[in-house]
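User: Got this one open on my screen now. Can you walk me through it while I click around?

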Amino acid sequence: MDNNETIKYDCFRGCVVTKDSETDETRCTYRQGCCKLEDYNWLKGANDGTYPDLYEVRFKNTRKAIYRNDSGQNIKTGDLVVVEAANGHDLGIVTLEGAIIGHQLKAKGLDAETTEFKRIYRKAKQLDIEKWQEAIAREQETMIKARRIAAEMGLEMKIGDVEFQGDGTKAIFYYIADGRVDFRQLIKVFAEEFHIRIEMKQIGARQEAGLIGGLGVCGRELCCANYITNFQSISTAAARVQDLSLNPQKLAGQCGKLKCCLNNEVAVYQDAQSRIPRVSEPLEFEDGLAYLRKTDILQETMYFSYDKSSDAALYPLPASEVREIIKMNRNGIKPESLRDDPAPYNPEFVTAVGDDSISRFDSPKRKRSRGGKGRSRGKGGHGKGTKPAE
């Protein structure tokens, strides 16, 4: 990068903005992998000519759509284009082209022959990019003012984000509300304050987390900001299937709702549980009754103990073998014993490091020696165990 250039990464739109301080020229380039819900063209280079004029154009955060190129210009992935909008025009970045467009249309339930796609007017010029950047610079200040106005009017809503149109004449206000909100008066106040056309769009708590982004407790990027586009309903039943502790603080994500990742492994656990027999009574052996103490669902292993209230000595058994023992007990047959084979399993107590101690990061304090205390007594005195000067 030149010393005269300033660089800014816009991960909300997936681009890098550079400005030359000498010429005052603004350049914007597409940075793949930087934006939320990035598309990966796994059919790159396999262009069969089926969708030559259709392109996917993305805007701020997760807003994207399919547009038809009527400009006659040669457009490719990464180009900034001026597209048709309901009023005026918008500016976005081309992210997909070629055969992959067919899969995107199928996922959205669109037909390429019957759907009327909005048009791509042309490639963005320098004046379009500068006007677009001026509109983007107004978004943060507009959002702060909008939140203050909504609070002063006493509306039970939260302005989550603001997105300006490319020509700076319109803005989309994303808001969150638990109930129905009458914001007709609010729109009038916004129009007088910001001198633009207003569009209000309600989103949920999970969608807000996807717009803002962040890191989860796993240390990775939030799933809603990375790849999830359709939010499915999540209940505590998903946690029960996986034998998780029903602790609201551990099951809730940054949005305050149940974590989306709870649904990721539900099908695997349900499949494993279908092969695990239901044990309603203790297993009968010749040397006593064996009680079920715990079950490892994924490994399909069940642990039994002869003591009904103790886990001191647990005997692991495969779920398939437990099923056979249950059949034997129903026919009045008792196996010999569990004490011979397999060997008992003694669980070790494991605790989270410093889970209940907030001072675990503090360095331990040194203990002062008693001899040091004696030596530090009154002036001219002799400490304990020291030899007086001759």
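User: Which residues have the most contacts inside the largest nonpolar core?
Analyst: Met157, Ile159, Phe173, Phe190 and Met200, in a core of 21 residues. Bear in mind that this is a predicted model: local features need pLDDT of at least 70, side-chain atom pairs count only at pLDDT 80 or more, and totals for chains, interfaces and linings use all residues. Residues are numbered from 1 along each chain as its sequence is written, and side-chain values use heavy atoms, with hydrogens and water left out.

User: What counts as a nonpolar core?
Analyst: A set of buried Ala, Val, Leu, Ile, Met, Phe, Trp, Tyr and Cys residues joined through side-chain atoms within 4.5 Å. Buried is under 20% relative accessible area, exposed is over 50%, and partly exposed is in between (1.4 Å probe, protein chains only).

User: Which elements give two or more residues to that core?
Analyst: α3 (139-152), β9 (158-164), β10 (170-176), α4 (184-194) and β11 (197-202). The largest share, four residues, is from α3. Helices (H or I, at least four residues) and strands (E, at least two) are DSSP runs, numbered from the N terminus.

User: What does Phe173 touch?
Analyst: Skipping neighbours within four places in sequence, its contacts (heavy atoms within 4.5 Å) include Thr142, Ala146, Ile159, Phe190, Phe194, Ile198 and Met200. Asp161, Glu199 and Lys201 are among the contacts of Phe173 too.

User: And what's in the second core?
Analyst: That one is separate and has 18 residues, including Ile276, Ala290, Tyr315 and Ala319.

User: Ala290 is in a strand, I think. Which residue stands opposite Ala290?
Analyst: Leu283 does, with Ala290 sitting in β13. Three bridges join β12 to β13 (residues 288-296), and the two run antiparallel. For two strands to count as paired, DSSP has to find at least two bridges between them.

User: What's the strand order in that sheet?
Analyst: β12-β13-β14-β15, an open sheet of four strands with antiparallel pairing. β12 (283-285) and β15 (315-318) are the edges; each has a single partner strand, so one side of each has no neighbour in the sheet. Neighbouring strands are turned by 40 degrees against each other on average, direction ignored.

User: Which helix packs on the sheet?
Analyst: α10 (residues 319-330), which touches β12, β14 (301-305) and β15. Its direction makes about 90 degrees with that of β15. Axes here are lines fitted to C-alpha atoms, for helices over the stretch in contact, with angles from 0 to 180 degrees between N-to-C directions.

User: Switching to the barrel. Which strands close it, and in what order?
Analyst: Five strands, in the order β4-β5-β8-β6-β7, with mixed pairing. Neighbours in this sheet are turned by 55 degrees against each other on average, direction ignored. β4 (residues 54-58) and β5 (residues 64-69) pair antiparallel over five bridges, and Tyr55 has Tyr67 in β5 as its bridge partner.

User: Where's Arg63 then?
Analyst: In the loop between β4 and β5. Arg63 is partly exposed, with a relative accessible area of 22%. Leaving out residues up to four places away, Arg63 touches Arg58, Asp90, Glu163, Ile172 and Tyr174.

User: Which residues of α1 are buried?
Analyst: In α1 (residues 100-108), Ile100, Ile101, Gly102, Gln104 and Leu105. Their cover includes β4, β5 and β7 (89-97). Just after α1, Gly109 takes a positive phi of about 70 degrees.

User: Last one: how many helices and strands in the chain?
Analyst: 11 helices and 15 strands. Of the 390 residues, 37% count as buried.
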